[in-house]
Amino acid sequence: MQALFLTEAGKYQVFPLDNSGFVRVLAPKPSATAGKTEFTYTGVNAGIPFGSAPSILDKDYTITAEITVPKGGAEGMIVTLGGRFGGYGLYLLKGKPIFTYNLLDMERFRWEGGVGGRVGADLFGRALAPGKHTLVFNFKYDGPGPGKGGTGVFTVDGKEMASKKIAHTIPLIMTVDETFDIGLDTGTGVDNSYQLPFKFTGTIDKLTTKLGPSQMSAADKKAAEEAYAKVNN
């Protein structure tokens, strides 16, 4: 069998064998978004490859969604990257604003509007009232180095709704098989609280992501690649 494999591998130009898949995934590639620190979108825009999405890994970031809620209320996904095995989502669930961070399917963290403050005109401080609203999720990273934690603050219309500190974040890559979606979720969900495709029933007037500088040094990236290569040798 070994001889047959060598014969067939040579015939179909399989050599050299290479198990450095993860290292190759992390290697810099040509990108229209490389070096950008601010991204602006309007309306529905689904299926953007993760390599062209704003990377929130290992840095400070702010996601700002300016939306319009119609009469009768709204729900659905505003923006998401990743899914079941890691990622984030900003959405309205039964009108209630939520930001969810999925730490590699090990733990999920939720920042929810209506906690500690009144949202819109709802008597219970839960659903956004019809009209224009601004949702902001701001994250301060506890770097330098990979996979550190940080503090997220979620505000709605200028009022702080929730603040939470987490001990760890995803360090090197958030997803390899899901996309960056605005206005719906085309892959798996970041949690099980909603049904796909969870199309947003309001209007996304403007979505902005601002990124701080990466807090991963070249030495950090090299060390991570070398550690992974040793495990897989």
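## Exercises on strand pairing, cores and loops

Val-79 stands opposite Ile-182 in strand 11. The model is predicted: local features need pLDDT of at least 70, side-chain atom pairs count only at pLDDT 80 or more, and totals for chains, interfaces and linings use all residues. Residues are numbered from 1 along each chain as its sequence is written, and side-chain values use heavy atoms, with hydrogens and water left out.

**Exercise 1.** State how many helices and strands the protein has, then find which strands are joined to strand 11 (residues 179-182).

*Solution.* 
Step 1. The protein has 3 helices and 12 strands; these are DSSP runs numbered from the N terminus, a helix being H or I with at least four residues and a strand E with at least two.
Step 2. Strand 2 (residues 45-49) runs antiparallel to strand 11 and is joined to strand 11 by 3 bridges. Two strands pair if DSSP finds at least two bridges between them.
Step 3. Strand 4 (residues 76-83) is also antiparallel to strand 11, again with 3 bridges.
Step 4. For individual residues, Asn-45 has Ile-182 as its bridge partner, and Val-79 likewise stands opposite Ile-182.

**Exercise 2.** Give the strand order of the open sheet of 6 strands and identify its edges.

*Solution.* 
Step 1. The order is 1-12-3-8-9-10, and the pairing is antiparallel.
Step 2. Strand 1 (38-41) and strand 10 (159-168) are the edges, each pairing on one side only.
Step 3. From one strand to the next, the twist averages 10°, an angle between N-to-C directions of axes fitted as lines to C-alpha atoms, on a scale from 0 to 180 degrees.
Step 4. Within this order, strand 3 and strand 12 (residues 203-211) are joined by 8 bridges.

**Exercise 3.** Describe the largest nonpolar core and the surroundings of Tyr-101.

*Solution.* 
Step 1. A nonpolar core is a set of buried Ala, Val, Leu, Ile, Met, Phe, Trp, Tyr and Cys residues joined through side-chain atoms within 4.5 Å. The largest holds 41 residues, and Ile-78, Tyr-101 and Leu-135 touch the most other members.
Step 2. Strand 3 (residues 61-69) gives the most to this core, with 5 residues.
Step 3. Apart from it lies another core of 7 residues, including Tyr-91, Leu-93, Ile-98 and Val-190.
Step 4. Leaving aside neighbours within four places in sequence, Tyr-101 is in contact (heavy atoms within 4.5 Å) with residues including Ile-56, Tyr-61, Phe-109, Trp-111, Ile-166 and Met-174.
Step 5. Over the whole protein, 65% of contacts between residues at least 6 apart in sequence join residues at least 24 apart.

**Exercise 4.** Why does Gly-143 count as partly exposed, and why does Ile-173 count as buried?

*Solution.* 
Step 1. Buried means under 20% relative accessible area, exposed over 50%, and partly exposed in between (1.4 Å probe, protein chains only).
Step 2. Gly-143 is partly exposed because its relative accessibility is 29%. Its place is in the loop between strand 8 (131-141) and strand 9 (148-156).
Step 3. Outside four places in sequence, Gly-143 is in contact with Lys-148 and Gln-215. Gln-215 is 72 residues away along the chain, yet the two C-alpha atoms are separated by 5.9 Å.
Step 4. Ile-173 is buried because its relative accessibility is 18%, although Ile-173 lies in the loop between strand 10 and strand 11. The C-alpha atoms of Ile-173 and Ser-55, 118 residues apart along the chain, are separated by 8.9 Å.
Step 5. Of the 233 residues in the protein, 40% are buried.
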